[in-house]
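Dear colleague,

I am passing on to you the structure that I have been reading, and I would be glad if you kept it open beside this message.

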Number of protein chains: 2
Amino acid sequence: MASLRGALRSFGALRHCVSACPFPYKLSGTIRAFAVAASPPSKAVVYEQHGAPDQVVRVVYLPPVELKENDVCVRMLASPINPSDINRIEGVYPVRPPIPAVGGYEGVGQVHSLGSSVSTLSVGDWVIPSPPSFGTWQTYIVKEESAWHKIIKNVPLEYAATIIVNPLTALRMLEDFVNLTSGDAIVQNGATSIVGQCIIQLAKIRGVCSINIIRDRPGSDEVKEKIKKLGADFVCTESQLLLRNVKTILGGIPEPVLGFNCVGGDAASFVLKFLRQGGTMVTYGGMAKKPVSVSTSSFIFKDLALRGFWLQKWMTSDKVGDCRAMIDYLLSLVQSGKLKYELEPVPFNDFSLALDKALGKHGSQPKQYLKKSLLYILHWEH
Amino acid sequence: MASLRGALRSFGALRHCVSACPFPYKLSGTIRAFAVAASPPSKAVVYEQHGAPDQVVRVVYLPPVELKENDVCVRMLASPINPSDINRIEGVYPVRPPIPAVGGYEGVGQVHSLGSSVSTLSVGDWVIPSPPSFGTWQTYIVKEESAWHKIIKNVPLEYAATIIVNPLTALRMLEDFVNLTSGDAIVQNGATSIVGQCIIQLAKIRGVCSINIIRDRPGSDEVKEKIKKLGADFVCTESQLLLRNVKTILGGIPEPVLGFNCVGGDAASFVLKFLRQGGTMVTYGGMAKKPVSVSTSSFIFKDLALRGFWLQKWMTSDKVGDCRAMIDYLLSLVQSGKLKYELEPVPFNDFSLALDKALGKHGSQPKQYLKKSLLYILHWEH
């Protein structure tokens, strides 16, 4: 218990108000007395040290936070476990919050209470932190009005909670590297990942064909059908590419000018083989934990360009532009049924189960692939 | 003899006039009778099939070529054996002339005779084919006036003969990828190559520091001194980099924003390690015959970009601009002593010796390095 109280004192600092407002709080049960202009205590997934997530994270209650006049208290409704969240807890991600920290980076919530000067939001509005920010794995978050973006309510909660990290990555990667026009083609590996699924659909909307490489797995025919239903023009497994010349199997699909790599190793080499003269490959993940290997002639004679994309960096760059308009656009696609991806909702009380799944402890697929290809939603129980 | 006559018939087609002008010609000795408006017969280094250069090239006489009114006949004075010339003969270069072919791609000559309408050149002018073109390993070349670029005469012949393939590559690579400003730094491997030597000096002229990686070799201290005399700010061997953190050894030199790789393998990885966040590495050669290996995090978190450069492609692109002005600029640097590189002149009669040297058959250095780090000039004996 002493250790837990210590943790709570540490986390209090994260919530800005512990020293100023020494409220009485309890680990569970009703909260007896606190100022009106304060958040409820927050149930949070926290870690005090970096390490294996199933070893270092705990669920604790954090004390209430005072609302200043421009603050908005949001009751979080859902937040995903993304692979980068896992890497931050492990301490291997280059940008991560100082510890102790609350987990999570994106999510959706409902406005619970408002500071006196807040004018653009109302109690009950659905909002997401935009830009996304650390600490979304908790039940109540207090931030300034300007940090929240009001969104439409007629989209499924799980999409609202996950619209930034993966779909926005897909959107930006299709926009920021090559000037794609209708009739062009792109190629990607890891096509079953959330980003991969979004790329297929966002490309389709632009009239851009997609060539999709998936790893060999039991039931790959079913996976191919799923991917095709999303709008994929061509899907093949890595082993199929070993047997055939990539240039001969495309039929009427043009050679792709842009490729996406979230795997590395051989899977990246396949993307490079598909690319046409002067094409660009963008790396945004490394599920196979193997480097990208490129022949000298690919650079000199094929004139390929290799780049990288990291949404978190992009968020702080001068390329951001109107990020909230992009979010609205993506949610409008969800609303009209043009953007879908597979998510598995898990109630908050089963957080350890969700974490185990995110860590690849369930299912027959290798951990490193699972980590990217599934996404778990926490339905917060307050 | 029958075979040689056959070869000559084939090469006659290259010179455009054999069927139209069935001159008598001899393999050696004086030429007795041909029209005034024709070139002398040309002594040429030719190959009828692809293969090991020392097996497939021969020196033969090609028949005279008729001069049309806009043609200029140039007596070639010097032409280098570049590694790409070797690769074309081997048949492994992506763009090469149809066989049978005359070797060579750049060189310098003196105007020997003019077609009746030529107005911008005079007999005795020094000229280089610009853009460079196949077939410079011969004593007389006939091309339209517009294919020749008149150059200054007060530069050493060997620089005039070699000013395009290597120095222009260095110039373009410093210009076309990153907007370098005075005080920036670049890093390169293969710093002893002709391009590497040019990069050091052209960077210096722009106030840009150069970090230079050389392979371990006997006498590397002497090599370092030579490179430093060219203006290098920092020189180290690959083995030195294995022992020390690249970031800690630079002293006051800023982290480089641009890198050049002509080696591949580990030597390319060293360049990547030196590069600063957001930096670009340009590959223009692959002496080690090993691929470039790049970690996922280099792309995502370090935001590195990898590109390639090929002068021959650049020559046909819309980026060429005023190529002849660039040649004049480079020759003016030679003239003022600001651009130097090591060349080894070999008389034409010793062509087989020059070829053997270019193939790395002499000297103690491994073939693959020698091929890029030395350049041979043919002083043509007519």
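Predicted model: local features only at pLDDT ≥ 70, side-chain atom pairs only at ≥ 80, totals over all residues.

Residues are numbered from 1 along each chain as its sequence is written, chains are lettered from A and ligands numbered from 1 in the order in which they are written, and side-chain values use heavy atoms, with hydrogens and water left out.

To start with the two chains, a rotation of 180° with 0.0 Å of shift along its axis places chain A on chain B with an RMSD of 0.0 Å, where the copies are superposed by least squares on the C-alpha atoms of residues with pLDDT of at least 70 in both. That is the relation of a two-fold axis. Of the interface residues of chain A, 100% are also interface residues in chain B, so the copies meet through the same surface; contact here means heavy atoms within 4.5 Å.

In chain B, strand E12 covers residues 258–261 (helices, H or I, of at least four residues and strands, E, of at least two are DSSP runs, numbered from the N terminus). B:Leu258 and B:Phe260 point one way from this strand and B:Gly259 and B:Asn261 the other way, and all are buried, that is, under 20% relative accessible area with a 1.4 Å probe and protein chains only. E12(B) runs parallel to strand E9 (residues 185–188) of chain B, to which three bridges join it, and B:Gly259 is the bridge partner of B:Val187; two strands pair if DSSP finds at least two bridges between them. Four bridges join E12(B) to strand E13 (residues 280–283) of chain B, also in parallel, and there B:Phe260 has B:Val282 as its bridge partner. Between E12(B) and E13(B) the chain passes through helix H9 (residues 265–274) of chain B, in a right-handed β-α-β crossover, meaning that, with the strands pointing away from the viewer, the path from the first strand over the helix to the second runs clockwise.

In chain A, ten of the twelve residues of helix H6 are buried, so it is largely enclosed by the rest of the structure; among them are A:Ile194, A:Cys198 and A:Leu202. H6(A) is followed by A:Gly207, whose phi is positive, near 75°.

With best wishes

Definitions and conventions
Buried < 20%, exposed > 50% of the residue type's maximum accessible area, 1.4 Å probe, protein only.
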